[in-house]
Amino acid sequence: MAANLVNLEAVDKVYGTRALLDGISLGVNEGDRIGVVGRNGDGKTTLIRILAKLEEADKGRVTHAGHVRLGVLTQHDSLDPAATVRHEVLGDMADHEWAGNAKIRDVLTGLFGGLDLPSFPQGLDTVIGPLSGGERRRIALAQLLIADQDLIVLDEPTNHLDVEGISWLARHLQQRRSALVCVTHDRWFLDQVCTRMWDVQRGTVHEYEGGYSDYVFARAERERIAATEEAKRQNLMRKELAWLRRGAPARTSKPRFRIEAANELIADVPPPRDSAELMKFASSRLGRTVFDLENVTVQAGPKALIEHLTWQLGPGDRIGLVGVNGAGKTSLLRTLAEAAATEGEKQPAGGKVVVGKTVKLAYLSQEVAELDPAKRVLEAVQQVRDRVDLGKGREMTAGQLCEKFGFTKEKQWTPVGDLSGGERRRLQILRLLMDEPNVLFLDEPTNDLDIETLTQLEDLLDGWPGSMIVISHDRYFVERTTDRVFALLGDRALRMLPRGLDEYLERRQRVLEAAAAAVPAAAPAAAKAKPAADARAAKKELQKIERRLDRISEQEAKLHARIAEQATDFEAVAKLDAELRELAGERDELELRWLELADDA
């Protein structure tokens, strides 16, 4: 049986007059991988801060096992601004020591793109103070992952990571033996990493087995059962009082997930989008031309990001746009937006952009537009218009759309200045949709939005008839809302990816492997001059050793998992342990050889 690491018993937490946590009792055991979801403001972060003893509960008890090694990534780091990245991440480790550690190399490469931190001005010796919030967050995450932990608590770990970084982090956490508690709105990440879910709702926490997909089915089943019970109660109220008094109170059981029942829930549900119908409606609103690009060059200052691009965004097209940072995703949207705003008068550095005459563009940028802080939420929406046409005879008032986006009737009278960052983001999207655009550009629309709001936005976009381009690191959102994926891979060309984000990650992996083969990563210790032939041979052998070390790490992770599964079979455990010792011996020899070669490469 897995040992208990952390226990919460009857925990209460109240802010003002609102109970965020009401009598919560939960436990975290060895091997648990728990995802925490819920609306913004419902207490997810408060729950994990209390669990980690970073914040005290008003009532109840939080117990940590005496031996537990706990690592926490909060939304605000405690890095020393005067220190270097090397000091904060690697401490006093010598170059040969950390460079010979496969785990450290994996973390540095996965989070920063290489052992020399190519995106930082002075690499490992960069001072932290002037760095951006996203760069500091990656440093804090690297610091945490390099250490040995029994339990890792992560609050929004995917923030400021691109699609590749999120994919790497998911693989890394899958291979770790540490228990995990993670708050994130990234649903693809939850599905990859977590085996249990905690859903924080109005002071309570509902537990579910499985990842995000299992949680969606299980919650739907629980709510179906609750609705059935409520219907029964309503029917009972219509009976005679005497009959009600005769019957004993119905005994309720804890809702449990049954795949058959969950499948019944979706048996008669049509696909999220009727693409043919939407395309037909979009064509009637937009005509044949939306954006036609002919031999276009997009520049950022003197640097050409995209060259000789001939491409077309047609009526009803729903495009996901992905790519490496700095490849020109946002610059491409801005180029199209400027052409639309000037009715085609403002053109890119090279080539021509033709804008359809009926195009009405709404552009959600990464910056939250400034609004009058004194205005109420409803007033800010009504300022755009009072009602919105959703197509096919559907219409919503400003108040109804506010409620769909999580602004209750009471919240609609909150001054804009009192809203959180996530709430302002929601309001920004809401105002864009109220203006009834027929073309949408969404640049990182999921920033600061909780899962429930994302689901509402996706539902709204399912019936929205128009053309759309989405830039997002949220893989689930891109796959859910778009039909095709295009990529900017850093070579100044735009490519369609028939297999979507899987193909993008495969292509990026091939690019990185080719770059590593051309210029192999070597330990940053000072190297002595060697004959060119010897240096090439040393680099080739280093690469071979690094690949073998990575395979050994994967094999060890699998063996540890098998040992945990067969813990009661002593003969099997003994055999697996012997295999582990052999791998450990091989790893030690390889790391020693790696250190010997590092000076030659």
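Guide: Buried means under 20% relative accessible area, exposed over 50%, and partly exposed in between (1.4 Å probe, protein chains only). With a relative accessibility of 49%, W413 therefore counts as partly exposed. The model is a predicted one, in which local features need pLDDT of at least 70 and side-chain atom pairs count only at pLDDT 80 or more, while totals for chains, interfaces and linings use all residues. Residues are numbered from 1 along each chain as its sequence is written, and side-chain values use heavy atoms, with hydrogens and water left out.

W413 belongs to the loop that runs between α14 (398-404) and α15 (421-434), where helices (H or I, at least four residues) and strands (E, at least two) are DSSP runs numbered from the N terminus. Setting aside neighbours within four places in sequence, W413 is in contact (heavy atoms within 4.5 Å) with R376, L378 and E379. V377 lies 36 residues from W413 in sequence, yet the C-alpha to C-alpha separation of V377 and W413 in space is 5.9 Å.

Turning to the other rings, the structure holds seven aromatic pairs, a pair being rings of Phe, Tyr or Trp (its six-membered ring) with centres within 6.5 Å, stacked if the planes are under 30 degrees apart, edge-to-face if over 60 and tilted otherwise. One of these is the tilted pair of Y212 and Y215, with 5.7 Å from centre to centre and 50° between the planes. Both Y212 and Y215 lie in helix α8 (residues 212-237), where a spacing of three residues amounts to about one turn of the helix. Because an α-helix has 3.6 residues a turn, residues three or four places apart point the same way.

Since F291 lies in strand β10 (residues 291-300) and F441 in strand β17 (residues 439-443), the pair ties together parts that are 150 residues apart in sequence.

E156, although not a glycine, has a positive phi of about 50°, and E156 is placed in the loop between β6 (151-155) and α6 (163-175). At 11% relative accessibility, E156 counts as buried. E343, likewise not a glycine, has a positive phi of about 55° and is found in the loop between α12 (329-341) and β13 (350-355), but E343 is exposed, with a relative accessible area of 75%. K53, which follows α1, has a positive phi near 65°. Helix α1 itself (residues 44-51) is mostly covered, with six of its eight residues buried, namely K44, T46, L47, I48, I50 and L51.
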